[in-house]
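Welcome, and thanks for taking a look at this one. Please keep the model open beside you as you read, since the text goes from strands to helices.

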Amino acid sequence: MAEPETQLLLGVGLIEKDSNGDALWVWCYPSVTAELRALLLRKCCLTDESKLLHTFVFGQYKRTWFYITTVEVQDSPALKKVTHFSIVLTAKDFNPEKYAAFTRILCRIYLKYGSPVKMMESYIAVLTKGICQSEENGSFLSKDFDARKAYLAGSIKDIVSQFGMETVILYTALMLKKRIVVYHPRIEAIQEFTRTLPALVWHRQDWSILHSYVHLNEEEVEALKACTGYIAGFTDSEVNSRPDLYDVYVNLADSEITISPVVKEAMTMGKLHKEIGQLIVQSAEDPDKSDSQVIKDISLKTKEILSTLASLTEVSDGNEKPTLNSEALKQKRFPPATENFLFHLAAAEQMLKI
């Protein structure tokens, strides 16, 4: 059973840009901290100097997901002095399609009535019943948007067609819970690419590692550094000169992946990585396979690796988590890079004795 919306939705907010060009936080329900409000104003494209309109952006900050839909106001009698506005939803779950659909309905309501009251009625309907219906503004049903669908919405095939064998670097970094930073000047490209990466380690089904829209702002950088492994997306090219933020740097615009010297040893590639890389490429290049079948193929290979690792563990105390027996690992006489990878994987999976 999925959690009811009451446990997932956190709040709704409204940002307006008026005819003087000022972007202001106008309204929210129930309430939002000053810190989060400053963050959401930064994420919303209305405060951006570049004047580019991003219809929909999403991201995460300290375990709160935010989803922002922005529209230009054209001949709405209800909103005479407003040129653009953004509807912001905050929630506990990752589900861009769900919240994009819901914010679009809220936008239509606001365009029509020009008052947050009507929006709030729909918000509360979804909060309490998981549904809002209206003839002219469209209807929204929460349970149409399954979390698994959101996890599978990106395209692994696109990533492989761009990076080929190098996709195994991303796979290895994710398996070892390393820090991946992705740069591209276009936020839409960042969002699409980064949201797909956690599917490479499908067995974890953990999208909390995704921070798809980060600014080089002190609070955001500090919050990111507090996480162990992550995927972080930046549109600011200066992130390239912040080696304190990444183990693997992906310049998406130039299709380049750089491994930081700090993790060179843990990320040494060998025969096993070549095997995994070939499997990923072959599966992704098969025209008859869907993205979810490619994910399944990679996941089966991962399970194989994890069961090899499990066979080298022992439980010292009856109730403890199994830990890696280093002797057993050495006796297997794996190629050095494989042994190294299994050792670091055990560390990532918290199977090492401290």
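Let's start with a pair of strands in this predicted model. Strand β1, residues 9-18, pairs with β2 in the antiparallel sense, over six bridges.

Five strands form an open sheet in the order β2-β1-β5-β4-β3, and the pairing is antiparallel. At the edges sit β2 (23-29) and β3 (56-61), each of which pairs on one side only. On average, and ignoring direction, neighbouring strands of this sheet are turned by 20° against each other.

Which strands does helix α2 lie across? They are β1, β2, β3, β4 and β5. Helix α4 packs on the sheet too, touching β1, β2 and β5. The table gives the angles for these helices, along with those for a helix pair described below it.

| Helix | Partner | Angle |
|---|---|---|
| α4 (residues 116-129) | β1 | about 160° |
| α11 (residues 291-310) | α13 (residues 336-348) | roughly 85° |

The axes of α11 and α13 come within 11 Å. They cross at roughly 85°, so the two helices are roughly perpendicular to each other. From α11, the contact is made by Ile 305, Leu 306, Thr 308 and Leu 309, while α13 brings Phe 341, Leu 342, Leu 345 and Ala 346. Sorted by class, this contact of α11 with α13 has seven nonpolar residues, one polar residue and no charged ones.

Definitions and conventions
Residues numbered from 1 in each chain as written. Predicted model: local features only at pLDDT ≥ 70, side-chain atom pairs only at ≥ 80, totals over all residues. Heavy atoms only, no water. Pairing = 2+ DSSP bridges. Helix = DSSP H or I, 4+ residues; strand = E, 2+ residues; numbered from the N terminus. Axes fitted to C-alpha atoms, helices over the stretch in contact; angles between N-to-C directions. Contact = heavy atoms within 4.5 Å. Parallel < 35°, antiparallel > 145°, perpendicular 65-115°, else oblique. Nonpolar A, V, L, I, M, F, W, Y, C, P; charged D, E, K, R; others polar.
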